[in-house]
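Subject: A structure for you to look at

Hi there,

Here is the structure I promised to pass on. Please open it alongside this email, and then read my notes below with the chains in view.

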Number of protein chains: 4
Amino acid sequence: MNYNRQHLADQVKTAKWKKKLHEIIYEADTPMGKWFDLTLFFVIILSVILVMLESVKEIDTEYHDLLLILEWIITIFFTIEYIARIVTIRKPQRYIFSFYGIIDLLSTIPLYLSYLIAGSQVFLALRAFRLLRIFRILKLVKFIGEASQLKAALKASRTKIAVFIYVVLILSVIMGTVMYLIEDDAAGFTSIPRSIYWTIVTLTTVGYGDIAPQTTVGQFIATVIMILGYGIIAVPTGIVTVEFNKQSGKGKSVVNQAVDLNTQACPSCATEGHKDGAKFCYSCGSDL
Amino acid sequence: MNYNRQHLADQVKTAKWKKKLHEIIYEADTPMGKWFDLTLFFVIILSVILVMLESVKEIDTEYHDLLLILEWIITIFFTIEYIARIVTIRKPQRYIFSFYGIIDLLSTIPLYLSYLIAGSQVFLALRAFRLLRIFRILKLVKFIGEASQLKAALKASRTKIAVFIYVVLILSVIMGTVMYLIEDDAAGFTSIPRSIYWTIVTLTTVGYGDIAPQTTVGQFIATVIMILGYGIIAVPTGIVTVEFNKQSGKGKSVVNQAVDLNTQACPSCATEGHKDGAKFCYSCGSDL
Amino acid sequence: MNYNRQHLADQVKTAKWKKKLHEIIYEADTPMGKWFDLTLFFVIILSVILVMLESVKEIDTEYHDLLLILEWIITIFFTIEYIARIVTIRKPQRYIFSFYGIIDLLSTIPLYLSYLIAGSQVFLALRAFRLLRIFRILKLVKFIGEASQLKAALKASRTKIAVFIYVVLILSVIMGTVMYLIEDDAAGFTSIPRSIYWTIVTLTTVGYGDIAPQTTVGQFIATVIMILGYGIIAVPTGIVTVEFNKQSGKGKSVVNQAVDLNTQACPSCATEGHKDGAKFCYSCGSDL
Amino acid sequence: MNYNRQHLADQVKTAKWKKKLHEIIYEADTPMGKWFDLTLFFVIILSVILVMLESVKEIDTEYHDLLLILEWIITIFFTIEYIARIVTIRKPQRYIFSFYGIIDLLSTIPLYLSYLIAGSQVFLALRAFRLLRIFRILKLVKFIGEASQLKAALKASRTKIAVFIYVVLILSVIMGTVMYLIEDDAAGFTSIPRSIYWTIVTLTTVGYGDIAPQTTVGQFIATVIMILGYGIIAVPTGIVTVEFNKQSGKGKSVVNQAVDLNTQACPSCATEGHKDGAKFCYSCGSDL
């Protein structure tokens with residue numbers, strides 16, 4: 001506790017450039033902040049496309065050197081960004097151990113590690129998770145209202161959907177077990193987990209066909225599962241529609257409420273979603 | 001009738017410990033009752049996972065002894081539970097021949113039988129049905145309201161959905177028969193029941209691909225069935241949505257009504273869903 | 001015209017037993033009528049199951065004689081029914097050339113023909129269409145209201161659904177043609193009709209997998225079609241839901257209106273749906 | 001600019017027959033215009049069917065000459081139509097470089113080119129895009145109202161659906177990447193783009209089965225994706241249903257508004273959707 005207070009005092013004395021850098025990296029209200037977000041947006045998408053291309057053998061063998069150079073450029077950019085994020089925040093451990101902090105590290109470090117441990121660049125693929133940050137970058141006023149309406153409706157129907165998924169899962173375990181008893185191994189029903197997998201593939205109307213019932217009884221039960229799956233898809237749809245309808249009624253106010261929020265992030269703990277006039281972080285209490 | 005009255009009189013004189021055990025096993029209002037339910041909850045899930053693991057050949061060959069020991073522990077636990085349920089209830093035959101009573105017996109007895117009749121442990125898989133009891137264990141106030149709203153909506157749309165499924169089935173029989181006449185045996189349409197199976201696979205948009213039309217006319221009719229299936233999925237969805245909407249309006253009152261119920265089970269016949277102040281079982285009339 | 005009037009005059013003089021038989025066969029208000037309908041109901045279902053069993057090679061070879069005997073019993077029953085329907089109606093040609101009349105003939109005649117033309121018993125399968133008559137037999141008051149609500153909602157959304165299917169079809173033709181240009185014959189896209197077939201299989205989320213894109217561009221377009229199909233399923237659902245909602249509001253009155261109808265069929269032209277107090281057929285004007 | 005004004009002046013002096021031809025080709029208010037539209041409607045459908053038949057090898061080899069003759073007749077009809085459209089419009093470059101202008105050219109020219117460049121008749125398939133013009137031909141009053149209601153509802157839910165598709169795509173990239181790390185090449189997960197393709201095939205419940213997970217972990221994640229896909233289909237459905245509901249309320253007025261529009265096309269730039277009493281084109285300002 002004592003250490004923390006000392007630490008906080010240090011942070012307050014941070015040089016002006018640190019404050020400015022914090023504004024650029026963590027916020028989007030200044031022109032520089034917007035420019036940084038847009039750059040990050042494109043670099044993340046580029047980095048994901050790069051990982052995709054590397055995974056295609058034909059492309060990798062032909063353009064290996066070019067891809068490696070681009071990979072190094074992006075890795076260095078991400079390294080600088082990662083260090084800057086740590087330096088400019090008052091409580092670095094909050095960022096480092098946050099979800100985004102771990103993702104940021106994991107999408108940077110594999111290339112360095114690949115020189116120590118062979119094959120570790122495979123984990124570059126985890127970079128795909130950085131796409132989630134795009135949600136935070138795309139703080140477009142237009143989308144915020146719509147997205148928060150969707151979120152509110154899904155949140156309100158959370159419990160009902162949980163009950164529904166719970167029922168579906170128990171049904172799948174029972175039906176899968178029954179099918180395991182009825183069907184031969186030859187048809188692909190080699191174990192109960194595999195039978196349950198098949199039941200869910202059927203119930204959700206995906207229907208790969210890698211496993212399919214061969215006996216008459218098995219096909220009859222499959223038919224029942226299909227019609228069941230066809231029918232109960234109505235349940236989540238019904239739930240969400242009704243909630244959307246409610247949200248839609250109070251739509252305007254939700255939008256206004258969302259627009260009242262600004263894009264500031266707390267310089268101590270990087271929490272977001274502060275009200276426009278807020279002077280203190282609602283999460284850690286330090287001044288914004 | 002005379003015998004029954006005598007029997008009832010006997011039951012009233014049941015020793016105090018029997019009454020207490022009944023409360024623990026059949027109800028969830030006391031701390032001991034809650035603890036028992038929670039234990040049972042985890043043992044059931046463990047027993048189902050165990051059966052699943054046994055069905056995977058690789059795991060079964062490697063850990064056969066460990067799995068057998070765990071199987072014996074669970075079977076003994078279930079045996080004790082089964083006997084306790086019979087002993088503590090006033091009318092054991094009601095429990096024994098109830099759906100849950102039969103399931104409880106079937107998930108206990110196969111291991112014993114496997115020493116008499118080889119291969120009978122296969123029926124351990126029927127244990128999956130015990131998962132249904134979890135619904136009764138999970139008497140969480142939060143879920144009851146939501147679940148009963150869902151149930152009420154589904155109940156209200158029951159007749160409409162029955163009409164819908166009826167139409168779908170007749171359509172499937174007709175379409176399946178037509179496809180049998182058109183398609184060759186080579187394409188998998190070897191009999192009318194198989195053709196009907198294929199029609200339902202197609203109409204519900206599952207689409208395994210184990211049977212698929214080869215002729216041009218067959219593919220044309222398949223196309224019609226698909227678009228039909230794609231369109232009529234709107235029907236159950238529409239029905240359920242409208243009912244949810246209605247239920248949602250009177251939602252609050254349904255929740256309150258559900259919360260008024262307690263978790264007591266009649267000591268005579270194990271019927272549940274008694275009102276909070278109820279003194280007599282609404283099903284068999286004996287005092288609670 | 002003159003002949004017809006003469007014919008009508010003849011019909012009026014019909015013997016009492018003809019009138020009674022008409023009541024039994026075409027109506028369901030008398031006990032005998034109900035009994036006849038129920039018998040017909042079970043015979044139709046039995047006849048369809050019989051045709052199904054005959055189509056399963058293993059069953060047919062083993063029980064061929066038994067199935068043939070049952071087939072003859074049903075055929076004779078249907079023949080008697082067919083003749084009775086013609087005899088008891090005032091204008092037989094109306095029944096003979098009606099949809100049900102043709103179906104009734106087609107499900108009776110193949111067995112007789114099979115002695116003249118080998119293989120014509122295949123057309124027994126057309127008997128499945130007789131299942132449609134079950135709708136008329138099942139004139140249960142409970143279902144009429146629900147079914148007519150469903151029908152009214154579907155009828156009201158008819159034009160919108162037509163526009164929707166029309167858009168889907170044009171989209172399928174365009175997408176299918178594009179896929180034909182992109183994909184190789186090896187992947188199964190051997191002709192434009194086949195490509196369109198594949199597009200509809202994909203768009204409706206059926207997905208057999210007998211034809212699947214192999215090239216990267218093809219898979220990309222397939223992805224677009226899938227997301228499109230996944231999204232536009234919302235359109236018919238939305239349309240039908242809104243119409244159900246409207247129908248549901250005026251539901252009661254629709255039910256009452258439906259219940260006002262009786263099960264009488266016009267003795268001249270077999271038209272149904274007459275109001276309870278109606279004295280003349282609303283279709284041909286002859287007295288009921 | 002100067003040239004344009006000169007050009008416009010020329011156009012004003014256009015001979016009477018040009019004006020009349022414009023009315024016939026671009027509008028549908030006169031009997032001749034309606035007749036032309038209907039002819040065009042059938043010729044387009046015929047041309048698309050012709051291209052389809054040509055793509056079926058068996059038909060093409062047998063009826064090659066007949067199909068070629070029909071192809072020439074249609075190509076000549078389309079050539080005359082294309083020239084007439086250019087001649088009768090005041091600003092030909094607007095039509096030539098419009099979407100429909102390019103499609104019209106592309107569905108006419110391949111046959112001529114096929115004598116210069118072998119194989120270019122493949123592009124006749126692009127003629128399928130002409131089907132889109134049918135939307136403009138089918139200016140039936142009955143459908144306009146319904147179609148515009150559908151369009152208004154889809155337009156209103158545009159942003160929400162964009163947010164939804166965006167979330168689905170990011171989820172697919174992340175899930176696809178995870179599956180690539182888990183599954184072997186043997187199962188078909190040879191590269192990240194292919195894994196993403198599989199994820200979308202699964203999430204949209206299409207499920208071809210050409211690629212399917214083999215490992216237990218892979219099948220578990222597949223199960224999660226399926227249930228996710230099964231659940232989130234409720235989201236677009238909910239969105240569209242709510243919007244339909246709103247549109248349905250103000251339905252009448254939308255219809256009236258749509259009916260107020262006439263089928264005139266601006267003689268200068270071919271823009272459509274002019275109000276009934278309009279005297280000047282709302283797009284380029286020249287008189288109608």
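How much area do chain C and chain B bury between them, and what share of it is on carbon and sulfur atoms? Before the answer, please keep in mind that this is a predicted model. The size of an interface is often given as the accessible area lost when the parts come together. For chain C and chain B that comes to about 3,900 Å², with 75% of it on carbon and sulfur atoms.

Who takes part in this contact? Chain C brings 47 residues and chain B brings 46 residues. Six residue pairs are in polar contact between chain C and chain B, counting pairs with both residues at pLDDT 80 or more, while the number of salt bridges between chain C and chain B is zero. On the side of chain C that touches chain B, the elements giving two or more residues include α3 (31–55), α10 (141–156), α11 (158–182) and α14 (234–249) of chain C. Sorted by class, that side of chain C has 32 nonpolar, 10 polar and five charged residues.

Next, how the chains are arranged. Chain C can be superposed on chain B by a rotation of 90° with 0.0 Å of shift along its axis, and the RMSD is 0.1 Å. This is the relation of a four-fold axis. The two copies use different surfaces, as 17% of the contact residues of chain C recur in chain B.

Chain D and chain A are worth a look too. A rotation of 90° with 0.0 Å of shift along its axis superposes chain D on chain A, with an RMSD of 0.1 Å. Here again the copies use different surfaces: 17% of the contact residues of chain D recur in chain A.

- A:E243 sits in helix α14 (residues 234–249) of chain A. Is A:E243 buried or exposed? Its relative accessibility is 6%, so A:E243 counts as buried, the cut-off being under 20%. Leaving aside neighbours within four places in sequence, A:E243 is in contact with A:A153, A:A156, A:S157 and A:K160.
- D:T75 lies in helix α5 (residues 64–88) of chain D. D:T75 counts as buried because its relative accessibility is 0%. Not counting residues up to four places away in sequence, D:T75 touches D:T108, D:L111, D:Y112 and D:R127.

Enjoy exploring!

Best wishes

Note on methods
Residues are numbered from 1 along each chain as its sequence is written. Chains are lettered from A and ligands numbered from 1 in the order in which they are written. This is a predicted model: local features need pLDDT of at least 70, side-chain atom pairs count only at pLDDT 80 or more; totals for chains, interfaces and linings use all residues. Side-chain values use heavy atoms; hydrogens and water are left out. Copies are superposed by least squares on the C-alpha atoms of residues with pLDDT of at least 70 in both. Contact means heavy atoms within 4.5 Å. Helices (H or I, at least four residues) and strands (E, at least two) are DSSP runs, numbered from the N terminus. Buried means under 20% relative accessible area, exposed over 50%, partly exposed in between (1.4 Å probe, protein chains only). Buried area is the accessible area (1.4 Å probe) that two parts lose on being put together, summed over both. A salt bridge is a side-chain nitrogen of Lys or Arg within 4 Å of a carboxyl oxygen of Asp or Glu. A polar contact is a pair of N or O atoms within 3.5 Å; within protein, one must be able to donate a hydrogen and the other to accept it, and residues adjacent in sequence count only if both atoms are side-chain atoms. Ala, Val, Leu, Ile, Met, Phe, Trp, Tyr, Cys and Pro count as nonpolar, Asp, Glu, Lys and Arg as charged, and the others, Gly among them, as polar.
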